[in-house]
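Thanks for coming. I have one model to go through this morning, and I will take it piece by piece. Please have the sequence and the coordinates open.

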Amino acid sequence: MRCTKALLLCMTCCGATLLQAQDKTATKDSLSFEGEKHFKNIRQLTFGGDNAEAYFSLDGKAISFQRTAPKDGISCDQIFYAKVPKNAKEAFSYKMVSTGKGRTTCAYIMPNGKEVLYASTHLGSPNCPPVPDRSVIKKYIWPIYESYDIFVADLNGKILRQLTKEPGYDGEAVISPKGNKIIFTSMRNGDLDLYVMDLDGSHVKQITNTLGYDGGAWFSPDGSKIVWRASRPQTEAEVKDYKDLLQQGMVMPTNMEIFVANADGSNARQITQLGQANWAPNFTPDGQHIIFSSNHEHKRGFPFNIYIVDLEGKHLEKISRDNGFDAFPMFSPDGKKLIFSSNRNNGGTHDTNLFICDWVD
């Protein structure tokens, strides 16, 4: 899943425990932290629950995001739509645009601004799919639900089209800024690879074919390149573990690096060599840098912070400084704002909320 909600839930909870164990006086709740020089006029948009993967529409006027909030009757991820507040005084209000059934994830607003693309398990069951029992698996893993398919719904939550119908996992869909292509991850060939298709689900083409998990892909602002996260098992033992987990509908995301390629998958190359989990990548507005989340500075796997690196994997810069979880960064199309998810200012709870700020170069 680009969606990484399992990671979000686990790392949020585990992170709070680690933070308390390491230093009970470490960092007080705050909207911003010392050293976050690129953040200005930061605003918290949601309060409570787990809110993640907030992505701007192509015109920058709205966002879609996923939310779990058991206290509000949302037992597993559903998709929401909201207008971006024009100023600090304007309220942030949102509405559900998924069915309320199954688990949904990886939403993106269609180019017409009137429809939302997302993946959902609701055809498999109206209930939340079970999460893996980590006491049995003994590993940190993500579930890859085979009932995930990709749908388009209107802003009232009515499903208009089903774009994928192949057996196995289909998800993590994003639309090119050109408004003509969708990139997504699929298990249809027995491995987790990237595919592209037209907006109506036609002309599907596989664009990665190396063993390992390829997911969370995004187009560059001009639509000419893509960036994604990938695991690449190398040793015989790693390959066996990867294949065994995949047969059980699971993947272990603790070792991932960032890759870039042309939009057709050609000239693919790894641009980070940081180790551990490097994920949730996206392009900066100039198309010459990648913004992403990583825990590479912390051998225990936490915190996660946001970083920027150029397309050659050089000039790495740390952007966020929270001692918790910062991820899913995305710039507005005009490059003036950044939206991301974070544990900051959660009052000592496990909540993950959405934050938006003005970006300062």
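Strand 13 and strand 14 make a hairpin with 6 residues between them, and Gly201 in its turn has a positive phi of about 90°. Strands here are DSSP runs of E, at least two residues long, and helices are runs of H or I, at least four long, numbered from the N terminus. Two strands count as paired if DSSP finds at least two bridges between them. Before going on, the conditions: this is a predicted model, in which local features need pLDDT of at least 70 and side-chain atom pairs count only at pLDDT 80 or more, while totals for chains, interfaces and linings use all residues. Residues are numbered from 1 along each chain as its sequence is written, and side-chain values use heavy atoms, with hydrogens and water left out.

Strand 13, residues 193-198, is joined to strand 14, residues 205-206, by 2 bridges, and the two run antiparallel. Val196 has Lys205 as its bridge partner in strand 14. Strand 12, residues 181-186, is also antiparallel to strand 13, with 6 bridges joining them. There, Ser186 stands opposite Asp193. Strand 12 and strand 13 form a hairpin as well, with 6 residues between the strands, and Gly190 takes a positive phi near 95°.

Is strand 13 buried or exposed? Of its 6 residues, 6 are buried, where buried means under 20% relative accessible area, exposed means over 50%, and partly exposed is in between, with a 1.4 Å probe and protein chains only. In a regular strand the side chains alternate between the two faces of the sheet. In strand 13 both faces are covered: Asp193, Tyr195 and Met197 are buried on one side, and Leu194, Val196 and Asp198 on the other. Tyr195 also has Arg188 over the face of its ring, 5.4 Å from the ring centre. A charge sits over a ring if NZ of Lys or CZ of Arg is within 6 Å of the ring centre and within 35 degrees of the ring normal.

Strand 18, residues 257-262, is joined to strand 19 by 2 bridges, and Val260 stands opposite Arg269. In the loop between strand 18 and strand 19 we find Asn267. Its phi is positive, about 55°, although Asn267 is not a glycine. Most residues other than glycine have a negative phi, and most peptide bonds are trans. Asn267 counts as exposed because its relative accessibility is 53%. His315 is another non-glycine with a positive phi, of about 60°. His315 is in the loop between strand 22 (305-310) and strand 23 (317-318), and at 66% relative accessibility it counts as exposed.

On to the aromatics. The structure holds 22 aromatic pairs; rings of Phe, Tyr and Trp (its six-membered ring) pair if their centres lie within 6.5 Å, with planes under 30 degrees apart counted as stacked, over 60 as edge-to-face and the rest as tilted. Phe92 and Tyr94 form a tilted pair, 5.7 Å centre to centre with 45° between the planes. Phe92 counts as buried because its relative accessibility is 14%, whereas Tyr94 counts as partly exposed at 32%. Why is the pair of Trp228 and Phe259 stacked? The ring centres are 5.8 Å apart and the planes are at 25°, so the pair of Trp228 and Phe259 is stacked. Trp228 is in strand 16 (residues 225-230) and Phe259 in strand 18, 31 residues apart, so that the pair links distant parts of the chain. Both Trp228 and Phe259 are buried. Arg232 lies over the face of Phe259, at 5.0 Å from the ring centre.

Now the cores, meaning sets of buried Ala, Val, Leu, Ile, Met, Phe, Trp, Tyr and Cys residues joined through side-chain atoms within 4.5 Å. The largest nonpolar core has 74 residues, and Ile63 is among those with the most contacts inside it. Another core lies apart, of 12 residues, including Phe331 and Phe355.

Last, confidence. Mean pLDDT, the predictor's confidence in each residue from 0 to 100, is 91 for the protein chain, and 92% of its residues reach 70 or more. Over residues 2-27 pLDDT stays under 50. Where pLDDT is low, the predicted coordinates should not be read in detail.

Notes. Contact means heavy atoms within 4.5 Å.
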